[in-house]
Amino acid sequence: MCGIIARIGHGNAAETLLSGLENLEYRGYDSAGIAVQNGSGVKVHKCSGEVSDLKSTLTTHPHGNMGIGHTRWSTHGPPTDENAHPHTDTAGDVAVVHNGVIDNYDELRVELQAMGHVFESETDTEVIPHLIDEYLKSTGDTELAVRQAVDTLEGSYAIAAIVDGEEAVYAARKGSPLVLGLDDEEWFLASDVPAFLDYTDEVIYLEDGDMVVLEPDSYRITDLEGEPLERPIETVDWDPEDAGKGGYDHYMLKEIDTQPTALSNTIEGRIDNGTVAFEDLQSGTFEDVDSVQFIACGTSYHAAMYGGQLLRSAGVRTEVLRASEYKSMSGPVDDATLVVAVTQSGETADTLDAVRTASDHGARTLAVTNVVGSTAAREADDAVYIRAGPEVGVAATKTFSSQAVTLALLTQHVAADIPEATPRDDRASMLESLEDLPSHVETVLDTTQAEELAETYLDSESYFFIGSGLGHSVALEGALKFKEITYEHAEGFASGQLKHGPLALVTETTPVFAVYTGGEDEKTKTNAIEAQSRGAPIVAVGPDDHSLVDVADAYLSVPDTHPVWAGLLANVQLQLLSYYAAKLLDRPIDKPRNLAKSVTVE
Ligand code: BG6
């Protein structure tokens, strides 16, 4: 996934484009580029590397009141200067930035080369400016030429284009996100709101098939036939500070540290007299449901495991599926199936594709997401927001905690609706102790020994994380976080699985972090002790009063609480462990190599 931005208005565009790209860099940081139009041609500036590298190549800001920009996550062609966007046609009159994948670029490229077009890069995107140039020759009408070019493309795209001599920006979307930002002095287009949140919170979320033409004092939204379209103007309830680093060294540390606030927002108004109440879901909404599927990717998949386990224990037939494998792994789906898409960004292509597949089979769909107006929220039958606020660090942290709490509440709502289900008999105490979760997280943040332990085990060969029941998804999440930002070998296992193979990897130099929640922990204790007898140092992660603490070599403590929430507290300890280990290893914590905040290509 990449980040694109466009801007037209009064005053110079370059500065706004560059700061917008910096706010989009969580979407990809393989290369960066801008193109500015100033009446004496289209000026392109691009290079491999981060926006800061691009800025250092610019002695002065190029002049021009309109332009486009791009930050890249490579899909076609390595991260080189040539493959950086914007791409242009042979004459350099048409410049284009793109997020997505053009599936039919190969045959288009061959056709265009046969017509004499010269290609500079290995990317799929470069066919677009050449196509626009070709249609311009036949139509002499830029808007029509862009429409015809877009109509020729197969695959996913959010595109912005500028053409020499035209004081306009042309854009279109299908399958990749694109938002229009409205400000008195200027118009913006971007892959995501943080790109222009410093300037405006008035936005229009564009739909698949929409095309936009921005001119200095007006904007037009049409379909690909040129028919005018109306789209609602919405106000984003995030403020720029939310999207800033707020004085922290890294977004990741800020997002770990602000979890008490995020969780308070997630919980607020959703517990009413010992029952769960969701603002957008009526009681009885799911009474006809007889099975539930959770689908997700990455960290969201581990949160989905958390929710799935709780719903299963309420007697509801439940599957938890990795979205990328949905078509091959899914059981039967029909109109009595509820499909819950768990996705913080609401834009992950694998998850969106799985939702569409389930919907095609008649399933009822529900998006659990962090982004109002995201594609998942707009395409699903219902949406529930986790309210964690913007998350910029590529490695998800606060959104995992807010997802797990939202899903835990959702499972109580669903179980209450389904006649055959048996809601938890300790539901009242579970919901009561939830109110304390934000302050318990605060205690973990204030008392953690994670930095010391990260130093103690820094030279380890590998890192293993084990847990049972709800602790299993936390062990997997702990290992994922460690891998994502330290680049060290880390693996998570269901405690009972360790002896069925992975134990062969256990040595004196492979610490085992044993997560326990006060629930099904017996297997975790026995398997941790088995690993210890093979020489592995054991780190207990959980409440004080557990017998594992007595035998462990080290210990990350969490306040005593209901077993449903203890795992989330343990996870905060593991987030901090990963953060401090990555810091000691001097890793680019907010922008780990080869990753992106959410992947909008399959
Ligand atoms: C990956 C991110 O690209 O996508 C992970 O690096 C994330 O952090 C995963 O968990 C899924 O993203 P989302 O937005 O669907 O929750």
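How far is an oxygen atom of the ligand from an N or O atom in the side chain of threonine 343? I looked that up before anything else, keeping in mind that this is a predicted model. The separation comes out at 2.7 Å.

**Ligand site**

I went on to serine 345, where a polar side-chain atom sits 2.6 Å from an oxygen atom of the ligand. For alanine 596 I had to look at the backbone: one of its polar atoms there is 2.9 Å from a ligand oxygen. Then I checked how covered the ligand is. On its own the ligand would expose 390 Å², and the protein buries 92% of that.

Next I listed the surroundings. I get 15 residues around the ligand, with Ser300, Thr343, Gln344, Ser345 and Thr348 as the closest. So much for who is there; what kind of residues are they? My tally of the shell reads 8 polar, 5 nonpolar and 2 charged. Which helix gives the largest share of the shell? That is α9, spanning residues 298-312, with 3 residues.

**Aromatic rings**

I ran the search for aromatic pairs over the whole structure and got 9. One of them joins tyrosine 579 and tyrosine 580, and I noted its geometry: the centres are 5.2 Å apart and the planes make an angle of 75°. That angle makes the pair edge-to-face, because the cut-off for this class is over 60 degrees. Are these two tyrosines buried or exposed? Tyrosine 579 and tyrosine 580 are both buried.

I also wrote down one aromatic cluster, made up of Tyr457, Tyr463, Phe465, Phe482 and Phe513.

**Arginines over rings**

I noted two cases here. Arginine 322 lies over the face of tyrosine 301, 3.9 Å from the ring centre. Arginine 593 lies over the face of tyrosine 487, and I read 3.9 Å from the ring centre there too.

**Glutamate 455**

I found glutamate 455 in helix α16, which runs over residues 450-456. Its relative accessibility is 52%, and the cut-off for exposed is over 50%, so I put glutamate 455 down as exposed.

Which peptide bond did I note as cis? It is the one from histidine 85 to proline 86, with omega near 5°. Proline 86 belongs to the loop between β4 (66-71) and β5 (87-88).

For positive phi I wrote down two residues. Asparagine 273 has a phi of about 55° although it is not a glycine. I located asparagine 273 in the loop between β15 (271-272) and β16 (275-276). Its relative accessibility is 77%, so asparagine 273 counts as exposed.

Aspartate 586 is my other entry, with a positive phi near 55°, again in a residue other than glycine. Where does aspartate 586 sit? I found it in the segment after α20 (563-584). Aspartate 586 counts as exposed because its relative accessibility is 67%.

Notes:
Residues numbered from 1 in each chain as written. Predicted model: local features only at pLDDT ≥ 70, side-chain atom pairs only at ≥ 80, totals over all residues. Heavy atoms only, no water. Near = heavy atom within 4 Å. Polar contact = N/O pair within 3.5 Å; in protein donor to acceptor, adjacent residues only side chain to side chain. Areas by Shrake-Rupley, 256 points an atom, 1.4 Å probe, with all protein chains shown as cover. Helix = DSSP H or I, 4+ residues; strand = E, 2+ residues; numbered from the N terminus. Nonpolar A, V, L, I, M, F, W, Y, C, P; charged D, E, K, R; others polar. Phe/Tyr/Trp six-rings, centres within 6.5 Å; stacked < 30°, edge-to-face > 60°. Buried < 20%, exposed > 50% of the residue type's maximum accessible area, 1.4 Å probe, protein only. Lys NZ or Arg CZ within 6 Å of the ring centre and 35° of its normal.
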